[in-house]
Amino acid sequence: MLSDHSVEDLPALLRRTDGITWVDIVTWDEQAERVLAEVFCFHPLAIRDCRERNQVPKVHVYPDHVFLVLHAPHAGAAGHVHYVELDQFIGPNFLVTTHGPVNPAVPAAAMTVEVQSLIHRLESGRLRPRASHELSHGLVSSLTGRLRAFIATLTQAVWALEQRVTSGHLGDAEAFLEEMFQTRHGLLVVETMASLSREVYARMLKIAAFGTGRGSELVEDNVDQFERLRAMAHGQKDYLVGTIEFYQARTNTKMTIAAERLAVIAAVTLPITALSSIYGMNVIVNDETHYGQLAVLLAIMLAMSVSLLIWSKRKGWW
């Protein structure tokens with residue numbers, strides 16, 4: 001059963017042995033820092049990590065709690081993927097979540113997706129945690145669901161790009177290439193997020209951060225979730241890279257064919273141009289035209305052109 005309390009109730013709540021105290025800090029301010037430092041007595045470096053942006057996920061195990069940093073993706077403009085940070089302090093009877101600094105372009109609602117999902121599961125009764133690490137597992141499961149949804153969106157984009165490549169309906173080639181590379185970048189970001197998060201939980205599993213039994217089972221489940229997400233993103237990225245290579249190979253083939261045809265045209269017209277430039281002023285003059293020589297010259301030009309066309313055909317140039 002959920003119940004809301006004020007900050008002043010925290011000391012009394014932390015002394016209770018029934019239930020789990022969950023503190024969610026949406027906006028970082030002096031009061032939030034004071035609560036973490038004075039009420040929970042967290043390590044100054046961990047508090048600093050909550051105040052500042054972290055580029056990679058991390059885990060620190062302290063005597064009475066575990067500090068964990070994870071990231072979730074949020075699609076930005078021009079293919080950019082924002083890192084939405086989620087920090088957790090997981091103690092014996094409490095869970096503290098903070099949301100690290102993000103780009104101002106990220107809406108506030110994107111920072112609390114996992115929190116809102118977890119609250120909904122708790123209110124509906126679908127999740128009944130008996131320990132703080134079980135509550136954390138529910139939060140991380142929501143984060144992996146967010147990653148999975150992001151991969152599904154990118155997968156739809158990959159399929160659409162592949163259909164356009166095979167059908168030849170590309171539109172603006174430069175814009176099409178930009179779209180393909182933006183999609184590949186998104187998959188690469190998600191793969192990196194899942195891979196790094198998997199390593200963090202693998203470390204927690206190895207040191208038994210939440211003890212043996214149920215705690216280790218939940219950590220192992222998180223390892224498996226992140227590993228599968230990494231594999232899914234990697235597979236879609238490879239599929240898109242194959243599509244890009246197919247597009248480039250077909251484009252290069254067309255350019256090669258065009259170059260061969262231009263070479264044939266140059267080979268056919270170059271001797272004619274040379275002859276006309278040398279003999280033109282001698283055969284066709286202002287006062288008199290030597291029609292006999294002109295006819296012979298035209299016949300030679302025609303014979304040379306036909307011979308070159310036959311030769312290039314036998315070479316397979318056209």
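This is a predicted model: local features need pLDDT of at least 70, side-chain atom pairs count only at pLDDT 80 or more; totals for chains, interfaces and linings use all residues.
Asp224 counts as partly exposed, at 33% relative accessibility, whereas Arg228 is exposed, at 53%.

Salt bridges that share partners also tie Arg130, Glu134, Arg214 and Glu217 into one network. Within it, the side chains of Arg130 and Glu134 meet at 4.0 Å, N to O. Arg130 is exposed, with a relative accessible area of 71%, but Glu134 is buried, at 10%. Glu217 and Arg214 meet in a salt bridge too, again listed at 4.0 Å, N to O. These two sit 3 residues apart in helix H8, which spans residues 214-283, so about one helical turn separates them. In total, the structure holds 14 salt bridges.

Now, over to the sheet. Here we have 5 strands in an open sheet with mixed pairing, ordered E1-E5-E4-E3-E2. E1 (21-25) and E2 (58-61) stand at the edges with a single partner strand each, so one side of each has no neighbour in the sheet. From one strand to the next, the twist averages 20°.

If you like, zoom in on E3, residues 66-75, and E4, residues 81-90: they run antiparallel and are joined by 10 bridges. Val69, for instance, has Asp87 in E4 as its bridge partner.

Finally, helix H3, residues 44-51, lies across E2, E3, E4 and E5, running at about 150° to E4. Thanks, everyone!

Methods: Residues are numbered from 1 along each chain as its sequence is written. Side-chain values use heavy atoms; hydrogens and water are left out. Two strands pair if DSSP finds at least two bridges between them. Helices (H or I, at least four residues) and strands (E, at least two) are DSSP runs, numbered from the N terminus. Axes are lines fitted to C-alpha atoms, for helices over the stretch in contact, and angles run from 0 to 180 degrees between N-to-C directions. Contact means heavy atoms within 4.5 Å. Buried means under 20% relative accessible area, exposed over 50%, partly exposed in between (1.4 Å probe, protein chains only).
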